[in-house]
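Visitor: I would like to go through this model term by term. Please set each value against its cut-off.

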Amino acid sequence: MTVTSDPAGVQDAPPRSARAGRSGVASPRHRGNAGGRRPGEARLLALIFLGPAVLLLLALVCYPIAYTVWLSLHSGDGSTFVGLDNYVEMFTSGSTRRAILNNAIWVVVAPTVVTILGLLFAVLTERVKRATALKTILFMPMAISFLAAGVTFRLVYDENPDRGLLNAVIVGIHDAFSPPSPYHGARVRDGGPLTAADGGFQSAPVTPGEVAKLGLVGLPPDRVPADAATAAEPDTGTGLRGVVWLDFSRDGGEPGVVDTTERGLPGMTVEAVVDGRTVATTETDAAGRFTFPDLPSGTYVVRLPAANFAEPFNGVTWLGPSLITPALIAAYLWIWAGFAMVLITAGLAALPREALEAARVDGATEWQVFRRVTVPLVRPVLVVVFVTLMINVLKIFDLVYVLAPEASQDEANVVALEMYRVSFGGGLDYGLGSALAVLLFALVLPAMLFNIRRMRREGL
């Protein structure tokens, strides 16, 4: 029996190596060339995609940095090489030292407080109803530019309580416990019987049995208390007596004389003084009358103390030289606390709930859970927020420039603002301004390198 071969099935079978190539195993000549492209083609494709980005990086980052360093070694107009003179002048300038000190205060205070507030807001918003609405309200300031925020807080910090929100609240609370005197701004007539003394007024020497007439002017009629009656001299009698009244009337009247159209000043504190020592105190009635019935014979001075004429409390000068930096930092906190809250909330959402529940089952209080479990687990996010804010505050400029009044800008000065003032604020010293820019870059660089190293270590 003979066996016939199948020519089509045996003789035309492809080689083993060819079959392996078709089955998906790359042949040696194709290995190492992804996508079938030659090495030159791959490099050309990478250059096409990366070339524009590299050109922009060179034109907008590398060249300005190099040119700024070059300009910092030259005179203000860039015509003369001066070496390190600009750096010497920069560090010997009082304004630069003040700017560096303020930047140090910003770096220590602002990122720390913003991070803490963001953590607290993130934890608290998880435990309240309408958390989304609350988060939206807290994050909303991030939608406002620093320019608009500066204008807004210029109104908040306004010294006039009628315009400034913060002073309006403070004055309202102060006046609720210590009402202002209605007689502030009152004064005496020139050449009259009263003279100024220690913020108040005092009479010439008088003796019991005389009537001390203490007339005041300069007080608007609408500030005279509503219970004030027509001024009248006290009845005759023993002791020292007198009257305090508004010695002015729209209908005229003789100065120093108690007229029927003039009103007394009630509630005025009156003191009887001997050799600078107060021996008796009383208050005027509705008609402005007062009396010291039990004073022994002698010579006295009748005094209206300064408390009667104390100016009303007008709040705090928030944008003054002494409080300008804390006021600026408070405005910064209002803007960035929502940003920190959002990032930390995302970190809290990724925490393993089993660890938190296990701590509670073991008997830990909420404070212990927060301090020993939540904070350690969310620490990487806190570091990201803190470093980001540190870089941001080192470059702070617009909020300080807009919010700080010109009279307080020296006390609020920071490095970025000093760089602007030196370069464009009047001196036009581009050499010194460039040296300040190099200093600012040197201050920001360590934080940036730390952030980059951390991201590489975490594989981001």
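**Values against cut-offs**

Visitor: Why is Glu159 called partly exposed?
Guide: Its relative accessible area is 44%. Buried means under 20%, exposed means over 50%, and partly exposed is what lies in between (1.4 Å probe, protein chains only). The value of 44% falls in between, so Glu159 counts as partly exposed. Glu159 lies in the loop between H7 and H8. Helices (H or I, at least four residues) and strands (E, at least two) are DSSP runs, numbered from the N terminus. The C-alpha atoms of Glu159 and Thr317 are 5.6 Å apart, although 158 residues separate them along the chain.

Visitor: What do these values rest on?
Guide: This is a predicted model, in which local features need pLDDT of at least 70 and side-chain atom pairs count only at pLDDT 80 or more, while totals for chains, interfaces and linings use all residues. Residues are numbered from 1 along each chain as its sequence is written, and side-chain values use heavy atoms, with hydrogens and water left out.

Visitor: What makes Arg127 and Glu366 a salt bridge?
Guide: Their closest N and O atoms are 3.0 Å apart. A salt bridge needs a side-chain nitrogen of Lys or Arg within 4 Å of a carboxyl oxygen of Asp or Glu. The 3.0 Å is within 4 Å, so the pair qualifies. Arg127 lies in the loop between helix H5 (94-125) and helix H6 (131-139), and Glu366 in helix H11 (residues 366-394), so the pair ties together parts that are 239 residues apart in sequence. Arg127 is exposed at 54% relative accessible area, and Glu366 is partly exposed at 38%.

Visitor: How do you know that Arg189 and Asp247 form one too?
Guide: The closest N and O atoms are 3.2 Å apart. That is within the 4 Å limit, so this pair also qualifies. Arg189 sits in the loop between helix H8 (165-177) and strand E1 (195-197), and Asp247 in the loop between E4 and strand E5 (269-274), so parts 58 residues apart in sequence are tied together. Arg189 is partly exposed, at 32%. Asp247 is buried, at 3%.

Visitor: Why are Glu271 and Arg303 called buried?
Guide: Glu271 has a relative accessible area of 14%. Arg303 has 16%. Both values are under 20%, so both residues count as buried. Their side chains meet in a salt bridge (3.0 Å, N to O). Glu271 lies in strand E5 and Arg303 in strand E8 (residues 301-304), so the pair ties together parts 32 residues apart in sequence.

Visitor: How many salt bridges does the structure hold?
Guide: It holds 10. Salt bridges that share partners join Arg127, Glu357, Arg360 and Glu366 into one network.

Visitor: What makes E3 and E7 edge strands?
Guide: The open sheet of 3 strands has the order E3-E4-E7, with mixed pairing. Strand E3 (211-216) and strand E7 (289-292) each have a single partner strand, so one side of each is left without a neighbour in the sheet. The twist averages 20 degrees from one strand to the next.

Visitor: How do you know that E4 pairs with E3 and with E7?
Guide: Two strands pair if DSSP finds at least two bridges between them. E3 and strand E4 (residues 240-246) run parallel and are joined by 6 bridges. E4 and E7 pair in the antiparallel sense over 4 bridges. Lys213 has Val243 in E4 as its bridge partner. Gly242 stands opposite Phe290 in E7.

Visitor: Why is E4 called largely enclosed?
Guide: 7 of the 7 residues of E4 are buried, so the rest of the structure largely encloses it. Leu240, Gly242, Val244 and Leu246 point one way, and Arg241, Val243 and Trp245 the other way.

Visitor: Which residues of helix H7 (residues 146-156) are buried?
Guide: Phe146, Ala149, Gly150, Phe153 and Val156 are buried. They cover an arc of only 115 degrees around the axis, which puts them on the same side of H7. That arc is taken from the directions from the helix axis to the C-beta atoms. Leu147 and Leu155 are exposed on the other side of H7.

Terms used: Axes are lines fitted to C-alpha atoms, for helices over the stretch in contact, and angles run from 0 to 180 degrees between N-to-C directions.
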